[in-house]
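Trainee: I have a new structure to read. Can we go through it together, one point at a time?

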Amino acid sequence: MPIEPRTASLTRETSESSIELSLNLDGTGVSHIDTSVPFYNHMLTAFAKHSLTDLTVKASGDTDIDVHHTVEDVGIVLGQAIRQALGDKSGISRFGDALVPLDEALVQAVVDISGRPFLVHTGEPAGFELHLIGGHFTGSMVRHVFEAITFNAGLTVHITVLGGRDPHHIAEAEFKAFARAFRFAKQLDPSVSGIPSTKGAL
């Protein structure tokens, strides 16, 4: 029996942002990202590449006020699209983990496609949340993005920054580690029959 494509296309319109997003969980990491926030484009491109998810994002918003609304809203839609594309989660590996370095930075990520939203996010150095990465992306937004994705996709995610000094390196290592862990969790495992849960549902 042919496998149904694990894809989703969503839009979100509010007074603060306008988002069009599509993804294919069984892609090769091709991406076309334009969020109007350059560093966020860079992070989502890295997520797509290292999770082997084809991802297209077109977003705009009130970035003249702050990038917060646009960045968080894209995370919300990305999480919703992941949840939709996963379907009933039949045949997935479910769990994934990764340890990713970027020069002096080192980050561990663990993902469980559990259906139960939970984020544990620790280890960013003091002051990271206040740093303007690229002059426009506040370090605090990194956690906001993972919160938005996690809670809207129904994932359990643990992200631990084990080391790092440069805020750009730390943030990028976080996105790459999450991407890599998600790649392994979402992949279809021929050894798995049905839904990988003793409850019969995820």
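Trainee: Which residues does Thr 150 touch, not counting residues up to four places away in sequence?

Mentor: This is a predicted model, where local features need pLDDT of at least 70, side-chain atom pairs count only at pLDDT 80 or more, and totals for chains, interfaces and linings use all residues. Residues are numbered from 1 along each chain as its sequence is written, and side-chain values use heavy atoms, with hydrogens and water left out. Contact means heavy atoms within 4.5 Å. With residues up to four places away in sequence not counted, Thr 150 touches Pro 117, Phe 118, Leu 119, Leu 155 and Val 157.

Trainee: Is Thr 150 buried or exposed?

Mentor: Thr 150 lies in helix 3. Helices are DSSP runs of H or I with at least four residues, strands are E runs of at least two, and both are numbered from the N terminus. Buried means under 20% relative accessible area, exposed means over 50%, and partly exposed is in between (1.4 Å probe, protein chains only). Thr 150 has 1% relative accessibility, so it counts as buried.

Trainee: How are helix 3 and helix 4 placed relative to each other?

Mentor: Axes are lines fitted to C-alpha atoms, for helices over the stretch in contact, and angles run from 0 to 180 degrees between N-to-C directions. The axes of helix 3 (residues 140–153) and helix 4 (residues 167–186) come within 11 Å and cross at roughly 15°. Angles under 35 degrees count as roughly parallel, over 145 as roughly antiparallel, 65 to 115 as roughly perpendicular, and the rest as oblique. Helix 3 and helix 4 are therefore roughly parallel.

Trainee: Which residues in helix 4 meet helix 3?

Mentor: Helix 3 brings Val 142, Val 145, Phe 146 and Ile 149. From helix 4 they meet Ala 171, Glu 174, Phe 175 and Phe 178.

Trainee: Which residues touch the most other members of the largest nonpolar core?

Mentor: A nonpolar core is a set of buried Ala, Val, Leu, Ile, Met, Phe, Trp, Tyr and Cys residues joined through side-chain atoms within 4.5 Å. The largest one has 60 residues, and those touching the most other members are Leu 21, Leu 23, Leu 55, Leu 78, Ile 82, Phe 137 and Phe 178.

Trainee: Is Arg 94 buried or exposed?

Mentor: Arg 94 is found in the loop between helix 2 (68–86) and strand 5 (95–102). Its phi is positive, about 80°, although Arg 94 is not a glycine. At 10% relative accessibility, Arg 94 counts as buried.
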